[in-house]
Amino acid sequence: MSPGKQASESEAAAPMAAGARLEAMRRRVRLSRLAVWTVIAAGPIALGVAITSTPTTVEAATPSRPTAAVRTTAQAADPAGYAQLFVNAWLRSSADDAASAQARLAQSMAPDVELPDPAADAQSAPASVTAVRSAQRSDGAWSVTVAAQYADGAVRYYAVPVAADRAGASFAVTGAPGVVAGPARAEVPKSSYGVSVPEGDLSAAVGEFLAAYLTGAGEVDRYLAPGVSLSPVSPAPYTAVSVQQVSAVEEAAAAEQVSADGTKVRVVAQVEARGPGGRWPLAYELALTARSGRWEVSALESGTALDGGAR
């Protein structure tokens with residue numbers, strides 16, 4: 001067959017195929033109309049059945065992602081420092097000299113609070129004023145307990161009502177201070193450092209490390225476990241450090257020989273430090289790890305942890 005004849009037949013087949021598809025569509029439309037009119041003629045009940053039985057395509061709604069609840073807990077600003085500043089100025093002011101710098105400061109912080117009127121032979125101004133306790137009564141309302149210590153050792157406590165905004169951008173003393181009893185002494189929990197460490201490798205390692213740390217005698221790094229970095233106190237405040245007692249949490253610390261590599265112990269060392277300023281009893285909590293037949297310091301904590309918790 002020649003190419004020209006093949007092209008003619010292809011061109012003729014295209015309209016025929018299109019016409020067949022068009023005729024099929026017309027048939028479906030006629031059948032659909034016939035079905036609808038038949039249902040209508042059958043009555044409302046049949047129409048309802050037809051509607052409910054007709055398959056419907058329901059597009060599944062994409063479940064919305066639950067909005068992550070971002071909790072922004074506003075940290076209430078503690079006005080302890082503000083109350084401390086006010087009490088310090090208030091105790092140093094006098095109603096007889098309202099123009100003094102301390103009186104003007106107190107009045108600027110609490111305009112509605114009267115200035116004191118101390119007697120001529122009254123106790124001198126406090127040597128130091130320190131906030132010792134803060135309690136939030138309600139939203140924005142605080143009560144701050146401030147301790148005033150005098151040169152003779154006497155201490156007097158004042159409760160100061162203070163208002164504070166959430167952002168800590170503004171404070172106000174809302175009333176005159178009240179003299180109150182000082183905080184009660186809390187019951188001290190039993191220490192977990194119940195294992196006595198005898199003189200030996202462990203106590204020696206502790207003493208040598210603290211001597212290097214506090215006096216500058218020797219390099220601190222030589223007493224530290226690998227990966228631990230610790231700078232000595234500078235300038236060195238003491239010239240000599242002697243260990244008075246070492247207590248531990250773990251029984252392994254009481255062994256005469258250094259434990260197996262990787263053994264960890266937690267100790268608290270009571271030491272006596274001496275220097276130009278005198279003699280000072282100090283305490284340090286340390287964590288040590290055994291390695292290659294020696295104890296190495298793996299952590300130094302500020303203060304002592306009475307519960308002996310893991311670090």
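1. The largest nonpolar core of this predicted model has 30 residues, and those that touch the most other members are Leu202, Phe209, Leu210, Val267, Leu288 and Trp295. Two or more residues of this core come from each of helix H5 (201–215), E7, E8, strand E9 (278–291) and strand E10 (294–301). Helix H5 gives the largest share, 8 residues. In soluble globular proteins, nonpolar side chains tend to be buried together.

2. A second, separate core has 22 residues, among them Phe86, Tyr150, Tyr158 and Val162.

3. Val267 is worth a look for its contacts. Apart from neighbours within four places in sequence, Val267 is in contact with Tyr193, Leu202, Val206, Val246, Ser247, Ala248, Tyr284, Glu285, Leu286 and Leu288. Of these partners, Leu202 and Leu288 are also listed with Val267 among the core residues that touch the most other members.

4. The protein chain holds 5 helices and 10 strands. Of its 311 residues, 29% count as buried. Taking contacts between residues at least 6 apart in sequence, 50% join residues at least 24 apart.

5. Five strands make up an open sheet, in the order E6-E7-E8-E9-E10, with antiparallel pairing. Strand E6 (195–196) and E10 are its edge strands, and each pairs on one side only. Between E9 and E10, which run antiparallel, there are 7 bridges. Thr289 has Glu296, in E10, as its bridge partner.

6. Elsewhere, strand E1 (residues 128–138) pairs with strand E2 (residues 141–149) in the antiparallel sense, over 9 bridges. Val129 is placed opposite Ala148 of E2. The hairpin of E1 and E2 has 2 residues between the strands, and in this hairpin Gly140 takes a positive phi near 90°.

7. Is Ala253 buried or exposed? Ala253 counts as buried, because its relative accessibility is 2% and the limit is under 20%. Setting aside neighbours within four places in sequence, Ala253 is in contact with Val197, Pro198, Leu202, Ala248 and Val265. The C-alpha atoms of Ala253 and Val195 are 7.7 Å apart in space, while the two residues are 58 residues apart in sequence.

8. Ser259 is also placed in the loop between strand E7 (240–248) and strand E8 (264–275). With a relative accessible area of 17%, Ser259 is buried, since the cut-off is under 20%. Neighbours within four places in sequence aside, Ser259 is in contact with Ala252, Ala290 and Trp295. Trp295 is one of the residues that touch the most other members of the largest nonpolar core.

9. Which residues are the closest to the centre of the largest pocket? The volume of this pocket is about 230 Å³. Of the 13 residues that line the pocket, Leu91, Pro118, Ala122, Gln123 and Tyr150 are the closest to its centre. Helix H3 (80–91) and strand E3 (155–164) each supply at least two residues of the lining. By type, the lining residues divide into 10 nonpolar, 2 polar and 1 charged. Tyr150, named here for the pocket, is also included in the second core.

Note on methods:
Residues are numbered from 1 along each chain as its sequence is written. This is a predicted model: local features need pLDDT of at least 70, side-chain atom pairs count only at pLDDT 80 or more; totals for chains, interfaces and linings use all residues. Side-chain values use heavy atoms; hydrogens and water are left out. Two strands pair if DSSP finds at least two bridges between them. Helices (H or I, at least four residues) and strands (E, at least two) are DSSP runs, numbered from the N terminus. Buried means under 20% relative accessible area, exposed over 50%, partly exposed in between (1.4 Å probe, protein chains only). Contact means heavy atoms within 4.5 Å. A nonpolar core is a set of buried Ala, Val, Leu, Ile, Met, Phe, Trp, Tyr and Cys residues joined through side-chain atoms within 4.5 Å. On a 1 Å grid over the protein atoms alone, a cavity is a set of points where a 1.4 Å probe fits but cannot get out, and a pocket is an open set with protein on both sides within 12 Å along at least five of seven lines; lining residues have an atom within 4 Å of a point. Grid points are joined across faces, edges and corners, and a volume is the space filled by probe spheres set on the points. Ala, Val, Leu, Ile, Met, Phe, Trp, Tyr, Cys and Pro count as nonpolar, Asp, Glu, Lys and Arg as charged, and the others, Gly among them, as polar.
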